[in-house]
Amino acid sequence: MNDRTGLELLAPAPRAEKPDAPAKTRVSIGYIGQSVPRAGARRLLQGRGSYTDDLKLPRLAHVVFFRSPYAHARIRKLDLTIAARQPGVLAAFDGRAIAEYCTPWVAVLAHLKGIKSPPQHAVAIERACWQGEAVAAIVAESRAQGEDALAHVEAEWEELPVVTDMDDALSNRSVIHPELGDNICFKRDFVTEGFEDAFAKADVVVEETYGFGRHTGVTLEGRAIVADYNAGEHSLTVYQATQAPHMMQDIFSRHLNIPEANVRVICKDVGGSYGIKVHVYPDEMATAAISVMLRRPVKFIADRLESFLTDIHAREHKVKVRLACMTDGRIIGFDLDDLTSIGPYSVYPRTSGIEGNQVVNLTGGPYAHKNYRAKLNVVFTNKNVTCQYRAVGHPIAVAITEAIVDLAAQKLGIDPAEFRRRNLIPDDAYPYTFPSGLKFEQLSHHQCLDKLLELMDYKGLRAEQKRLREKKVYRGIGLAAMIEVTNPSPAFYGVGGARISAQDGATVRLEPTGMVTCLVSVTEQGQGTEAIFQQICATAVGVSIDKVRVITGDTGTTPYGGGTWASRGAGIGGEALLQAGKALRANILELAAAVLNVDKNALDVSADAVRDKATGEAKLPLAEVGRIGYFRPDTLPLKFQAELTVTRHYTPREYGFTFTNGIQASYVELDPDTGFVKLLRHWCVEDCGTVINPMLVDEQIRGGVVQGLGGAMLEECLYSDEGQLLNGSLADYLVPMSGDTPDIVVAHISTPTRQSELGAKGVGEAGTAGAPGAVMNAINDALVPFGKRVTVQPFTPERILKALGKI
Amino acid sequence: MDEFFDATITVNGKPVMRRVEPRQHLIDFLREELGLTGSHCGCEHGACGACTVRVDGEIRRGCLMLAVQAHGRSVDTVEGLTDNGELSALQQAFHERNALQCGFCTPGMLLTAQELVATCPDATREEIREFMSGNLCRCTGYQAIVDAIEEVIATQRKGASG
């Protein structure tokens, strides 16, 4: 993405928002909407975070895995005796030994009709189905000793036919799991009434096929787990870098046969997750099983090479799309045929059918058409498994929708922004039911489009683009409108039988000193969950923000809940906390009214004290409320019981998902001689409802955009025909670095959801959802003078030069 | 691996003596032997910069250097440079602008940024992006990091001219 040209004609981008209420500022109420810096960031800045790998326990053992060198092979012989005798080695286990302690799983969901997958073991037995699948575990006193011993594992393999290509998989030439009958994990066909007629009557039908490479999350911290089994109480404490501690508690309990109440999952600081750390990984399950087997704590940290081989991949799709429209530019229908490959197993417990299903649900989503047909095939291959990674299906659905929309606009000679204006669902058309069945509460496509065009000076950029083309400088402008699934109800997983909670809970406690502690089931992964919970709690109770402490990520202490995924933490956990905080405030007022012998309606809580509502005069500091409530209840009326701890829960149920919307734009310069594309600038206008902390929201959008740009420009897990990963290191797999990345301008429209009092919708995935589509359209716009298009991501210089016919 | 080497390394200003395996990397030595867990292992092949520490005043990748190579030398980590206040301007700017999310890259980012601030007091925004391109951040999108460093450089320049 590096290239020669600068930004000579672009004015400097406005700097990212700076907080208007720095940490030292004491603001009494109303933190919601303010850019308060995260209190929890300070220890991370000082190197005093506490990530799972930082943890050392007495008698800690380390497990390493012997992994299949083949994509598909039968294990003829696996002899661990010499490995087990190496210095420092404590034990060596094959799949059968682990299976005695850990039952296999099958990742299917009832609402994905017909989805199938074979049982998967923590450590493979008899057969490995992808390169990197663990087939033996070596436990040693140190990681280095374990790795030394791996060289002494004696294995003999019988290579089996390998399926790596999606079309090859779909043809069932070679069936990976013969007991399933074919290579199809899941398929879906969908068509609206009148679809054929609509396409037959259309003035124009455009068609194109798009390809998306596999990529992966590349969390900077590898997957990390320390499992500590205590035989004395048949209990298991697991320290794990995870997004969903309660889900993992349930899974460890059921598969290791330990009562759920005896399993505690603790999530310390997490070094990035993005969806990678919300799944069940066989090697992590094996680590927990080994802790039980050896009755001592065991640590497993995936190193970078293991991460590339075994962290879920995502996004391998080939999609044919057709769009039907009339000469006046009215879109009347979309037709979709998506083929996606997921590796040899559907990933537990969320399944690997969701991404394709989302593509079916979301394609064409921003537009007011009525006719839709979709076909989806999700197939098994002998490559690493794929599953839900940030924005799940959205980057595909947005990119194919927006690319075909641009192609139609081009065919009709209509400006792409104007073409969108004619087709985006009107802002006054809600509630609205989309042809795929999704229901939208309230979206703001037109407000977002208007704001974006103004923000980027669309007309000015078009004029500049035209001027520069005369000088043989090829710039392109790309737009991508989007809708996004956030705040999911139980319709996402619960209805399918998965024990994944769509509700979250918050407990708020007034401490004797007047401090407030809140415990919330949503987890902190760096996105600032704990910071916004401080803001919400301080606002709800009426205390200054420095009085609030937040605890998350511990099934032993927090209420039960779903955790962090599908852009749900602020909208669901935040609402639970708001309600808990308000209830605590009411209870504080009850107590204060009893102490002061006044009507509670004449009192309020603000700035750390109970005050006279009319005059604002401080009547009782909260420290005094705490002192009386906990130490001198004898001074209260006989029948009065202080309740200074309150718990509330929240589940969105009115809509299956609380949809958000937004639009992105990309401005690029393409060098036709080298094929390099320089990303000059990127814009995102997003509507996530109530913005709790603009600074955190904007930076999260930017990070999401950059992950989307990575997938569009650089990132791809390349496999050979034999199923060997060819670029499984950070030297070979490219991710965006600061020099590759443009300045990103972020702005908001705010349409709070009416389903909750807080009104917050999700935002964490929006950037990733829309960026690949915007940049694809920008590159194809830059290619217009050459009459060429590119349709396969990532858009490497090689692919661009091939499109230009230069190589 | 029965050969060991007695190494004396000045870590954050204090000499430490340890018997180390010749194959042990500096980052593992700091994390495992000394409990200095502020520096992180992101890739162990020199690509991500999460293990960046300072050796004899210059930034180095802790995963590309052996502990024995630091024998007789001086190593500074984020813990020491926090305590002596050297990183405080950058830390404050990073905090105020939320130039971090998960924090895993942050200690390495800060050490690299501090070298830039100290050696290139006139760095432009483009030069900041270029200099920081050896440190991977997967969360932020880099813009707040670049903004924070730019601000520290501007403040430093103002101080020098005023």
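Domain bounds, as used in these legends, come from an automatic or database domain assignment. The structure is a predicted model, in which local features need pLDDT of at least 70 and side-chain atom pairs count only at pLDDT 80 or more, while totals for chains, interfaces and linings use all residues. Residues are numbered from 1 along each chain as its sequence is written, and chains are lettered from A and ligands numbered from 1 in the order in which they are written.

**View 1. Domains 1 and 2 of chain A.** Chain A is divided into domain 1 (53-160 + 221-305), domain 2 (313-490 + 654-803) and domain 3 (503-650). Taken over C-alpha atoms, the centres of domain 1 and domain 2 of chain A are separated by 36 Å. In this pair, 24 residues of domain 1 are in contact with 26 residues of domain 2, contact being defined by C-beta atoms, placed from the backbone, that lie within 7 Å. The side of domain 1 that touches domain 2 has 16 nonpolar, seven polar and one charged residues, where Ala, Val, Leu, Ile, Met, Phe, Trp, Tyr, Cys and Pro count as nonpolar, Asp, Glu, Lys and Arg as charged, and the others, Gly among them, as polar.

**View 2. Helix H8 of chain A.** Helices (H or I, at least four residues) and strands (E, at least two) are DSSP runs, numbered from the N terminus. The 13 residues of helix H8 (residues 282-294) of chain A should span 18 Å at 1.5 Å a residue, and its end C-alpha atoms are 18 Å apart, which agrees; the expected span is 1.5 Å times one less than the number of residues. Twelve of the 13 residues of H8(A) are buried, among them A:Ala289, a residue being buried if 20 or more other C-beta atoms lie within 10 Å of its own, exposed if 12 or fewer, and partly exposed in between, with C-beta atoms placed from the backbone. Leaving aside residues up to four places away in sequence, A:Ala289 touches A:Ile98, A:Tyr101, A:Cys102, A:Ala122 and A:Leu256. Just after H8(A), A:Arg295 takes a positive phi of about 55 degrees.

**View 3. The surroundings of A:His369.** A:His369 is found in the loop between helix H10 (354-362) and strand S17 (371-379) of chain A. A:His369 is buried because 20 other C-beta atoms lie within 10 Å. Beyond residues up to four places away in sequence, A:His369 touches A:Ile331, A:Ile332, A:Gly333, A:Phe334, A:Gly364 and A:Pro435.

**View 4. The contact between chains A and B.** In this view, 43 residues of chain B are in contact with 47 residues of chain A. The side of chain B that touches chain A divides into 18 nonpolar, 17 polar and eight charged residues.

Conventions. Contact = placed C-beta atoms within 7 Å.
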